[in-house]
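This report goes through one protein model, from its ring pairs to its helix packing. Keep the sequence and the structure in view while reading.

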Amino acid sequence: MNHDYVNQEDDIYAPLQDIFLSDSNKLYSNVNNLIDEAMPKENPYGYGDESIYACVCPSRQEQSAETLDKKKLILLELCDTEQNFLKALRLITEMFCPKLQSLITKEESDLLFTVLQKLRPVHETLLSGFEKWVEGDKLPNSGEITRVFMEQKDGLLNYGVYAAKLPLATEKAKDLQNRSDLVKVFQTLMEKSCQRFPLSDLLSLPIQRVLKYPLLVKELHKCARKGTSVSGTELGTLESLMALLEDIAKYINATKGDFEAIKSVKEVEASLSSYTGPSLLQFGRYCLDGELKVKLADQAQPKSKWVFLFEKALLVCKKVNRLGSDVRYCCELQVMVATTQVDLVTTLPKGKNAFKITNEKGEVLCLAKTDELKNRWVDAINHSKELTLPREGKKGLHSFELQNFDSPSCCDACKNLLHGCYFQGYTCTVCKRSAHKVCLSDIGKCQHKGPVKGNSVDVERPRPDPPFAIRPQSVRQHNDTNGMEERLKHFTWYLGKMSRIQAEQALSKMRDGVFLIRESDVRAGEYAIALKWKGMPKHIKISRQGNRRFCVADICDFLSVDDLVEYYQHNTLGNSFPGVDTTLRFSVKDPEAPLPSGGLSSVAPVSPTVPHTSLSSSGHSTSVLPSYRPTLLSHHPTLTVQHSSVFHPAGSAMAPLVPPPTLWGDVLFAFIAECDDEISLEKNTRVKILNKGDREGWWFGEYNGKTGYFPANYVRSVEQ
């Protein structure tokens, strides 16, 4: 949409009536300019033959443009064309409709005439306002012009449904005009009304008319800009009116597109055999479908499936070919996109273009025919997830979700319409404010102050004190380098400040899977993983987000370096770094770290002394250590020797590195994160519990690929 009105200086008054009578019809030449620029250029919406409109609604000819004020001429044009259009509208509703209602079905009558009967009083009122403008001695100001249109805004929105049904209505009118028992009826109606255009052609007039209002108001604005005594307020009011009418035009075209989207979803649902789930219309627009090899939880090998992806859900179906009938599909699995994590799988043999979909119910392995197709599916699923729960929707303590609005609604940020009639925008589940996706960052803070509404029942959220309110000096507040250094020095895998070359020397005689964490020797506060894999050292930078969170990829972020290490001790790095299909298996000072033929190589000392780490009476370390496999530091002042004391949870023999059973929590209440270290939870979903004992009243877990704290009394733990 071009909003640069200032630079468009073409003068339509040369004279105006000549332009309206010309073949090019420049003023009305491009109705599709009003269509949202996001619509495909190669398939613009069409609303009938413009020449029909020019004949039915001719422009003024009796006065010369030179004898009239330009503003007056535009208002006369607006009034005259409205009168002519209304004559055609009355013809349809007063002659065609009563005569045909008894000869056609109710469904056919509703399709052709119901919306037009709602639009007629709207245009009657508009014409009344236009006539007052041209009959008065004084021309109306911009405020009066705007008021006439504003009062009919809701009525004009009926054009959305009319535009959507227009193709079907036009085809139905053509069918009726050719029906043998109705041919004479239509001929008689046309002769009686002196109308040379059939009903099927006249049906396009209303939508053409409403899309011309912005063009005429635009000419009023250009005329006002050229005036010498026009105030800035006058221009601003006309610009607001132009924006309103263009917003209505976008709403109309978006509604037509949404009807097509709804039709596509219904076609998919009609192809499902014995489907008993919720209506597919609840899942939003159809996005993608195709054949994939899918391994479900109860299957030993991947099998060929047909997969449908919508904005909110993914359906895995079995294709059923029936002799002599259309292809049908049997739905075997339904996955909600909002609660899924999509990852590439690199552990399979070359040529296996695999990705996995993970949620609280488990994993689904998918194999595509080509690498390009695999990437297309992964991108499409991630895009659907972003549409359903956009990242911007978490700002300001909001919890915005994609929403279907039953009636025309406006964005609480920009105040424009939410265009269309099907999943038009987003609503915060807490404060109930609505917004376009592009406006989510501008909506402001969540204004909810009372209990959260769940299933139309007010539910008070049991909320313990935030973790930082309990321990303001928490070691998880990593805002200073010294605090992090003090925390990490307790871990055997941390070797302090070290260069890249020194790290490679430390790993030179180690087996695969041995790792260390080092701080950059040139950039204080920046950390990296050095890992031995396939006989070669690998270096992975640990990024820091917002001076708080740590990550090595976009999949997960963590509150601390030790949390990151603990996670990758039990989860492969291969999901983020193809070819590095290993966990962080051994600390560089682990007794099993050296190669069988040699000992631990000499590395640079971290500090003159290493503090002693004592054991409690129960045999557990009192320092901050990983929860799965705590390891103690040596008593020696340097790190050039092997450890003399290692704690083994299973006894004197080395215990195998086996993760504990996975803990999940059923979310009983929706939770909205209010701090950077918290995660939001959606009711009736599951969250992975990583730590229960770190903070009183709070648990630490993973949800939708993010880690953070949430109230323990919001969930019920379930061991799997």
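In which helix do Tyr159 and Tyr162 both lie, and how many residues apart are they? Both are in helix α7, which covers residues 159–177. They are three residues apart there, about one turn of the helix. The model is a predicted one, and the values below are computed from it.

**The chain as a whole**

The protein chain has 720 residues, and 49% of them are buried. Its secondary structure consists of 17 helices and 23 strands. Take the contacts between residues at least 6 apart in sequence: 60% of these join residues at least 24 apart.

**Aromatic rings**

Across the whole structure, a search finds 17 aromatic pairs. One of them is formed by Tyr159 and Tyr162, an edge-to-face pair with 6.3 Å from centre to centre and 90° between the planes. Tyr159 and Tyr162 are both buried.

Trp493 and Phe515 make a tilted pair, because their ring centres are 6.5 Å apart and their planes stand at 35°. Trp493 counts as buried because its relative accessibility is 2%. Phe515 is buried too, with a relative accessible area of 0%.

Rings also occur in a group: Phe130, Trp133, Phe149 and Tyr213 form one aromatic cluster. Elsewhere, a charged residue is placed over a ring. Arg511 lies over the face of Phe586, at 5.8 Å from the ring centre.

**How helices pack**

| Helix pair | Angle between axes | Distance between axes |
|---|---|---|
| α5 (residues 142–151) and α12 (residues 232–270) | about 20° | 9 Å |
| α7 and α12 | about 45° | 7 Å |
| α3 (residues 70–101) and α11 (residues 213–226) | about 170° | 9 Å |

Why are α5 and α12 described as roughly parallel? Their angle is about 20°, and angles under 35 degrees count as roughly parallel; α5 and α12 are therefore roughly parallel to each other. Helix α5 passes α12 in a left-handed crossing. On the α5 side, the contact is made by Ser142, Gly143, Ile145, Thr146, Phe149 and Met150. On the α12 side, the residues include Thr233, Leu238 and Leu245. Phe149 of this contact is also a member of the aromatic cluster.

Helix α12 also packs against α7, with an angle of about 45°. The two are therefore oblique to each other, and their crossing is right-handed. Among the α7 residues that make this contact are Tyr159, Ala163 and Pro167. From α12 come Tyr251, Ile252, Thr255, Lys256 and Phe259. Tyr159 thus has a part in this contact and in the ring pair with Tyr162.

Helices α3 and α11 have an angle of about 170°. They are therefore roughly antiparallel to each other, and their crossing is left-handed. Residues of α3 in this meeting include Lys70, Ile74, Leu78 and Glu82. In α11 they are Tyr213, Leu216, Glu219, Leu220 and Cys223. Tyr213 was named above as part of the aromatic cluster.

**Buried and partly exposed places**

Helix α17 (residues 561–568) is mostly covered, with eight of its eight residues buried. Among them are Val561, Asp562, Glu566 and Tyr568.

Which residues does Thr170 contact, leaving aside its neighbours within four places in sequence? They are Ser200 and Leu203. Thr170 lies in helix α7. Thr170 counts as buried because its relative accessibility is 16%, and the limit for buried is under 20%.

Leu595 is in the loop between β18 (586–587) and β19 (663–667). With a relative accessible area of 33%, Leu595 is partly exposed. Not counting residues up to four places away in sequence, Leu595 touches Lys509, Met510 and Arg511. The C-alpha atoms of Leu595 and Ser508 are separated by 9.5 Å, and these two residues are 87 residues apart along the chain. Arg511, touched by Leu595, is the residue that lies over the face of Phe586.

Technical notes. Residues numbered from 1 in each chain as written. Predicted model: local features only at pLDDT ≥ 70, side-chain atom pairs only at ≥ 80, totals over all residues. Heavy atoms only, no water. Phe/Tyr/Trp six-rings, centres within 6.5 Å; stacked < 30°, edge-to-face > 60°. Helix = DSSP H or I, 4+ residues; strand = E, 2+ residues; numbered from the N terminus. Buried < 20%, exposed > 50% of the residue type's maximum accessible area, 1.4 Å probe, protein only. Lys NZ or Arg CZ within 6 Å of the ring centre and 35° of its normal. Axes fitted to C-alpha atoms, helices over the stretch in contact; angles between N-to-C directions. Parallel < 35°, antiparallel > 145°, perpendicular 65-115°, else oblique. Left-handed = near helix turned anticlockwise from the far one by under 90°. Contact = heavy atoms within 4.5 Å.
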